[in-house]
Amino acid sequence: MAMYKKLMDCLEGIQKKVCFQPQIGLVLGSGLGGFAEKIQVEQAIAFEQIAGFPVSTVEGHKGRFVFGYAAGVPVVVMQGRVHYYEGYQMSDVVLPVRLMGLLGAKTLILTNAAGGINETFQPGDFMMLTDHIATGVPSPLIGPNIAKLGERFPDMGEVYSRRLQEIVRTSARSCGIDLKEGVYAQFTGPNYETPAEIRMARVWGADAVGMSTACEAVAARHMGLEVCAISCITNLAAGLSKQQLDHKEVQETADRVAASFERLVTEIIKNAGKA
């Protein structure tokens, strides 16, 4: 199967250059990549150095795997992700998180920049995902099933681990962060959603909206990883403010709360690593 062979080729390419077994995988979203510079770095590999690996084209996504220790826990950090809207097949979009699992990670922490739909949210808030809506993008499991990764019809009743959710809550309290919780809706992008689409998402039950994460969480759960996810609410979604949406605002808000984000993620890794 071509998809599985590509996955194995990428795994072999990394293992030839890197000798490190992570316990936790971390994907850093738009504007949040600075965390990778704060860990105790052991090795790093640029996506371009991995034959066949999809390369991020988005500003604010550096595009490399960083291996090292955060709070004493061995981690692999994806500094920048690839998105469906960049023109990649969905199997390529989720290839990096599958690789994290094959490299040894048992836990996956996903982060993203998101637009707030819940009217109690403000730019700079952090929202822990309790569930997601991904009907706006193709499932990463479409096509022949890779039985070595997981079963054909995996249950998604608990995509985001309840155990990890409690760890995230405890970690936020320890950091003095007012953590929000809610449902995340993934759309394709790259255009921002229309006000009508945001009203639809609200009717569906979404609290935040973005262009990543849900597909990665599905692929990770398919192969048995324990998953948690956090959105940085960088702006209010379309129709909820008079301000025109742009990527610069996303990066500016992420920069403003970077120190709080780094404290929170470090605390989560510390608590999840010893749990």
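## The hairpin of strands 3 and 4

Let's start at a turn: in the hairpin of strand 3 and strand 4, with two residues between the strands, Ala71 takes a positive phi near 55°. Helices (H or I, at least four residues) and strands (E, at least two) are DSSP runs, numbered from the N terminus.

A word on what you are looking at: this is a predicted model, in which local features need pLDDT of at least 70 and side-chain atom pairs count only at pLDDT 80 or more, while totals for chains, interfaces and linings use all residues. Residues are numbered from 1 along each chain as its sequence is written, and side-chain values use heavy atoms, with hydrogens and water left out.

## Strand 3 and its partners

Strand 3 runs antiparallel to strand 4, and seven bridges join the two. Within this pairing, Gly68 has Val75 in strand 4 as its bridge partner. Strand 2 and strand 3 are also antiparallel, joined by six bridges, and there Ala44 stands opposite Val66 in strand 3. Two strands are said to pair if DSSP finds at least two bridges between them.

Strand 3 is mostly covered, with six of its seven residues buried. As background, the side chains of a regular strand alternate between the two faces of the sheet.

## Salt bridges across the chain

How many salt bridges does the structure hold? There are 14 of them, a salt bridge being a side-chain nitrogen of Lys or Arg within 4 Å of a carboxyl oxygen of Asp or Glu. One of them joins Asp92 and Lys6, whose closest N and O atoms are 2.8 Å apart. This pair links distant parts of the chain, since Asp92 is in helix 2 and Lys6 in helix 1 (residues 2–17), 86 residues apart. Asp92 is buried, at 12% relative accessible area, whereas Lys6 is partly exposed at 28%.

Glu37 and Arg64 also meet in a salt bridge (3.5 Å, N to O). Glu37 lies in the loop between strand 1 (24–28) and strand 2 (40–46) and Arg64 in strand 3 (residues 64–70), so this pair ties together parts that are 27 residues apart in sequence. Another salt bridge joins the side chains of Glu119 and Arg202 (3.5 Å, N to O). Because Glu119 lies in the loop between strand 5 (107–116) and strand 6 (126–133) and Arg202 in helix 5, the pair ties together parts that are 83 residues apart in sequence. Glu119 is exposed, with a relative accessible area of 61%, and Arg202 is partly exposed at 33%. Elsewhere, Glu166, Arg169, Arg173 and Glu181 are linked in a network of salt bridges.

Is Arg81 buried or exposed? Arg81 counts as buried, at 1% relative accessibility. Arg81 sits in the loop between strand 4 (73–79) and helix 2 (90–93). Its side chain makes a polar contact with the side chain of Glu216 at 2.8 Å; such a contact is a pair of N or O atoms within 3.5 Å, where within protein one must be able to donate a hydrogen and the other to accept it, and residues adjacent in sequence count only if both atoms are side-chain atoms. A polar atom of the Arg81 side chain also lies 2.9 Å from the backbone oxygen of Thr111.

Glu216 is one of the buried residues of helix 6. Helix 6 (residues 214–222) is mostly covered, with eight of its nine residues buried. In the loop between strand 8 (208–210) and helix 6 you will find Thr213, which has a positive phi near 80° without being a glycine. Thr213 is buried, with a relative accessible area of 0%. Helix 6 is followed by Gly224, whose phi is positive, near 90°.

The peptide bond from Gly189 to Pro190 is cis, with omega near 0°. Pro190 lies in the loop between strand 7 (180–186) and helix 5.

Val203 has its place in helix 5 (residues 195–204) and is exposed, with a relative accessible area of 71%. Together with Met200 and Trp204, Val203 makes a nonpolar surface patch of about 310 Å². Patches are made of residues with over 30% relative accessible area and no salt bridge, like charges being joined within 9 Å and nonpolar side chains (Val, Leu, Ile, Met, Phe, Trp, Tyr) within 5 Å. Accessible areas come from the Shrake-Rupley method with a 1.4 Å probe, and for residues only the protein chains shown count as cover.

How values were computed. Buried means under 20% relative accessible area, exposed over 50%, partly exposed in between (1.4 Å probe, protein chains only).
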